[in-house]
Amino acid sequence: MSTARRKSVALTLVASLAGLFVALPLVSVAIRVPWGQSFDLLGSPLIRKALFVSVVSSVIATVCVLVFGVPLAYWLSRNDSVAARVVRVLSVSPIVLPPVVGGIAMLAAFGRRGVAGQWLNDWFGLSLPFTRTAVVMAQVFVAMPFLVLSVESAFRQAGTSLDDAARTLGASPLRIFLRVSLPSVLPAVGAGAVLSWARAFGEFGASITFAGSMSGRTQTLPMAVYELATVDYSQALVVSLLMIVVSVVILVGMRDRWLTGGPR
Amino acid sequence: MSLVVDATIARGEFSLSVNLHVDAGETLGLVGRNGAGKSTLIQALAGLIPVKSGSISLGDDVWDSPARGCFVQPEDRHCAVMFQDIRLFPHMTCLDNVAFGLRSDGVRREEARDRAREQLTKVGADELIERRASGLSGGQAQRVALARALALEPRVLLLDEPLSAVDAASRPMLRDLVGEALESFKGAAIVVSHDEADIGVLTGVIHNLVC
């Protein structure tokens, strides 16, 4: 065997091991799921409630991410000041932050004695932690960076030449944003929204810290899985499989429709 | 109202001193090699970049004068530009491209569309009205861009290489079209080209840009 050939065999072996290492656990879930009764298990009250909380909160979180994240991405893309750089690093950092730290940070800001929370409590009698609002807030916190990254780079790529043309035609900054800049980055907005939704849907650490895991109120699907893992393992398997399927469907959809730019 | 430019424009290392005077109803032709700063000058006139020193003014309105602390934003200059790289909004129809400036100016939707339709017909692009701007040929795009610049009835018209994107066959036709547009334009106009023959046909007054 030649050296080159031996090298490629070694590479293939390592690559297969890596692939297997990731694929095996995912496939194992499907193997171990009690297929016969899985439909009944999905219908259990605990899962139904958690699914409801998860779907509603992640959809609301995604809407919030879009409403606030797209303007933020636009501002960042048109700004190279030191302030913009600081804002960029901070607003993207939840991607690499341990989620539980995000939860602690949310408590520090919006907890009863939090930096902003104490005012909300004193002035409006609002207490955010351990509410459904808190679930959504934690999800927005961890999911927003995915949208901001994707949309900011799209705005940068689109450049300012069309904006400039619109300015010479007398358009206001808001009109330029809505009618010229935004339409040209819609695919990236869609991709960012789907990624953000997936992140929000799977959110666990920040939410359980800031919102707790109260069934029917703040317990989301991942929290339910965590709780079930020790009590009813087969039910945890069923829900896990459901979430794996959702993730894979999203990834496949993204690959074909957005990540590669789609068929031309 | 005449457009008066006496300014130094800098962009990075590049610096350009310009002294121009264009009366209303007059067209000034600007020639100069590639890199002589033609497009930079257009941008400064449109207000997309500020001048470094000196001033740009139209009649009694000072558009840009660092010494006096004046700078009028591009959206308030009523200075229409036909860009060298055309810059039609790709996701809009040609009609919406031409109506865009009017709508920005507060003209009602129906009226803006009527006027845009009229303008497109004038430049011989009436069959493109419902077409998306992204699928046009170079010559078609240039017609629409000309219509878009004229629709606002701007005070100043800047044409940056208005014949650059057309093939040789349709060049004379578009040149006539631009010529007619300049003929009937009431404000100050500047045409930029690297081709002296084109400029010669379009205008009598030629300024050679040297940096």
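Two strands count as paired if DSSP finds at least two bridges between them. Strands and helices are themselves DSSP runs, of at least two residues (E) for a strand and at least four residues (H or I) for a helix, numbered from the N terminus. In strand S9(B), for example, B:Ala189 is the bridge partner of B:Thr27.

The structure is a predicted model, in which local features need pLDDT of at least 70 and side-chain atom pairs count only at pLDDT 80 or more, while totals for chains, interfaces and linings use all residues. Residues are numbered from 1 along each chain as its sequence is written, and chains are lettered from A and ligands numbered from 1 in the order in which they are written.

**The parallel strands of chain B**

- Strand S3 (residues 27-31) of chain B runs parallel to S9(B), and five bridges join the two.
- Strand S8 (residues 156-160) of chain B also pairs with S9(B) in the parallel sense, over five bridges; here B:Val156 stands opposite B:Ala188.
- S7(B) and S8(B) run parallel and are joined by four bridges, with B:Cys79 opposite B:Val156.
- Strand S9 (residues 188-193) of chain B is largely enclosed by the rest of the structure, because six of its six residues are buried (a residue is buried if 20 or more other C-beta atoms lie within 10 Å of its own, exposed if 12 or fewer, and partly exposed in between, with C-beta atoms placed from the backbone).
- B:Ala188, B:Ile190 and B:Val192 point one way from S9(B), whereas B:Ala189, B:Val191 and B:Ser193 point the other way; all are buried.
- S8(B) is mostly covered as well, with five of its five residues buried.
- From S8(B), B:Val156, B:Leu158 and B:Asp160 point one way and B:Leu157 and B:Leu159 the other way.

**The open antiparallel sheet of chain B**

- Five strands of chain B form an open sheet in the order S2-S1-S4-S5-S6, with antiparallel pairing.
- Strand S2 (14-22) and strand S6 (70-71) of chain B stand at the edges with a single partner strand each, so one side of each has no neighbour in the sheet.
- Strand S1 (residues 3-11) of chain B pairs with S2(B) in the antiparallel sense over nine bridges.
- Within this pair, B:Ile9 has B:Leu16 as its bridge partner, and B:Thr8 stands opposite B:Ser17.
- The hairpin of S1(B) and S2(B) has two residues between the strands, and B:Gly12 takes a positive phi near 65 degrees there.
- S1(B) also pairs with strand S4 (residues 53-58) of chain B, in the antiparallel sense and over six bridges; B:Ser55 in S4(B) is the bridge partner of B:Asp6.

**B:Gly138**

- B:Gly138 lies in helix H4 (residues 138-151) of chain B.
- B:Gly138 counts as partly exposed because it has 15 C-beta neighbours inside 10 Å.
- Apart from neighbours within four places in sequence, B:Gly138 is in contact with B:Ala165 and B:Val166 (two residues are in contact if their C-beta atoms, placed from the backbone, lie within 7 Å).
- B:Leu158 is 20 residues from B:Gly138 along the chain, and their C-alpha atoms are separated by 19 Å.

**Two crossing helices of chain A**

- The axes of helix H5 (residues 99-110) and helix H7 (residues 132-158) of chain A come within 10 Å and cross at roughly 125 degrees (axes are lines fitted to C-alpha atoms, for helices over the stretch in contact, and angles run from 0 to 180 degrees between N-to-C directions).
- H5(A) and H7(A) are therefore oblique to each other (angles under 35 degrees count as roughly parallel, over 145 as roughly antiparallel, 65 to 115 as roughly perpendicular and the rest as oblique).
- A:Pro99, A:Gly102, A:Gly103, A:Met106 and A:Phe110 in H5(A) meet A:Met137, A:Ala138, A:Phe141 and A:Val142 in H7(A).
- The contact of these helices has seven nonpolar, two polar and no charged residues (Ala, Val, Leu, Ile, Met, Phe, Trp, Tyr, Cys and Pro count as nonpolar, Asp, Glu, Lys and Arg as charged, and the others, Gly among them, as polar).

**The contact between the chains**

- Chain B contributes 17 residues to the contact and chain A contributes 14 residues.
- Strand S7 (79-82) and helix H2 (94-104) of chain B each supply at least two residues of the side that touches chain A.
- That side of chain B divides into 10 nonpolar, three polar and four charged residues.
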